[in-house]
Amino acid sequence: MSQKIRAGILGTGSYLPEKIVTNKDMEKLVDTNDEWIVTRTGIRERHFAADDEFTSDMATKAAQKALESAGLKPTDLDLIIVATITTDMPTPSTACFVQTKLGAPQAAAFDISAACSGFVYGLTIARAFIESGLYKNILLIGAEKLTTFIDWKDRGTCVLFGDGAGAAIIAPVAEGKHEIISTYMAANGTEADLLKIPGGGCRFPSSLESVENRLHTLKMDGKQIFKIAVKVMSDAVLEAAKRANISLEQISLVIPHQANDRIIQAIGERLGVSPDKLFVNVDKIGNTSAASVGIALDDAVKAGKIKDGQYVAFVAFGAGTTLASSIVKW
């Protein structure tokens, strides 16, 4: 019998734009204040990309760091997956721009759109490709330039978001060595109106009217999202643990989507997970959507928060609504 191929994380990388925007800076842009933002979200600062810095640029920089971490060259890649809702253009895919910028012409390339769940959705997709034997080295990137789509007249949402990219190399690994041992994906399209950017597609094509009505900016029902996110993300962690055949107590670190510190802490309380097992960096980067979990993973690795042999849980919830979770044995 042929030996089972196991997929795992060979290396990680991330990139944040140079410009840091604090809550005090936000006070100059919109009717808000530092106390209001911190109390409701836990966010203290975020990074804004330069006008001439695009999603593919940030994705490429994160990818280069992930390749270096994994000890691979761009020419070693078989596939590039970019999770994003802020593509450089409607077509071609941002992944194709990344392919060119990296110098990886041999790699297939495509984007996935699962909003904030994008990176964890990508783990499932990459795992399946690796375990099938179809591909060997896959570059997974979550990248967003959300500041392009912020409604600066909506103080409830404009303070939340930042730009950045996180990346990982997914490849065959030895059993239990950074191995992706379970994945879970779900969606509930009946909740699609809770979080959306209405304009720019075939339903509301770009026009003078669509711009005047601010249809190309992000719209969110924050209160409803909060209620749903806490429950479904908690349930998704439980499902991933069940599929991995481990208990919650065996999980050493939970890396959730960094949307709101109150959501993260509420998930911990619901699961009975102590705060020291919840990785949080939302205070420094804000909500970076599909880039969020990838950036958090790289930060956790760099900070030495993950030790060999530990179980790490990833979980994210986003527009669609989408939901995804995964367990990795580091």
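This is a predicted model: local features need pLDDT of at least 70, side-chain atom pairs count only at pLDDT 80 or more; totals for chains, interfaces and linings use all residues.
Residues are numbered from 1 along each chain as its sequence is written, and side-chain values use heavy atoms, with hydrogens and water left out.

**Exercise 1.** Work out how the rings of Phe129 and Tyr135 are arranged.

*Solution.* Start with the rule: rings of Phe, Tyr and Trp (its six-membered ring) pair if their centres lie within 6.5 Å, and planes under 30 degrees apart are stacked, over 60 edge-to-face, the rest tilted. The structure has 2 aromatic pairs. For Phe129 and Tyr135, the ring centres are 5.2 Å apart and the planes meet at 65°, so this pair is edge-to-face.

Next, check accessibility: buried is under 20% relative accessible area, exposed is over 50%, and partly exposed is in between (1.4 Å probe, protein chains only). Phe129 comes out at 22%, so it's partly exposed. Tyr135, at 24%, also counts as partly exposed.

**Exercise 2.** Describe how domain 1 and domain 2 meet.

*Solution.* First, find the parts: domain 1 covers 6-178 and domain 2 covers 180-329, with bounds from an automatic or database domain assignment. Then look at the contact (heavy atoms within 4.5 Å): 52 residues from domain 1 and 51 residues from domain 2 take part.

Now for the area, meaning the accessible area (1.4 Å probe) that two parts lose on being put together, summed over both. The two domains bury about 4100 Å² between them, with 61% of it on carbon and sulfur atoms. On the domain 1 side, Cys116, Val120 and Tyr121 lose the most area to domain 2, together 16% of what that side buries.

**Exercise 3.** Count the salt bridges between domain 1 and domain 2.

*Solution.* Look for a side-chain nitrogen of Lys or Arg within 4 Å of a carboxyl oxygen of Asp or Glu. The count between the domains is 2. Elsewhere in your search, you'll find that Arg214 and Asp151 form a salt bridge, at 2.9 Å from N to O.
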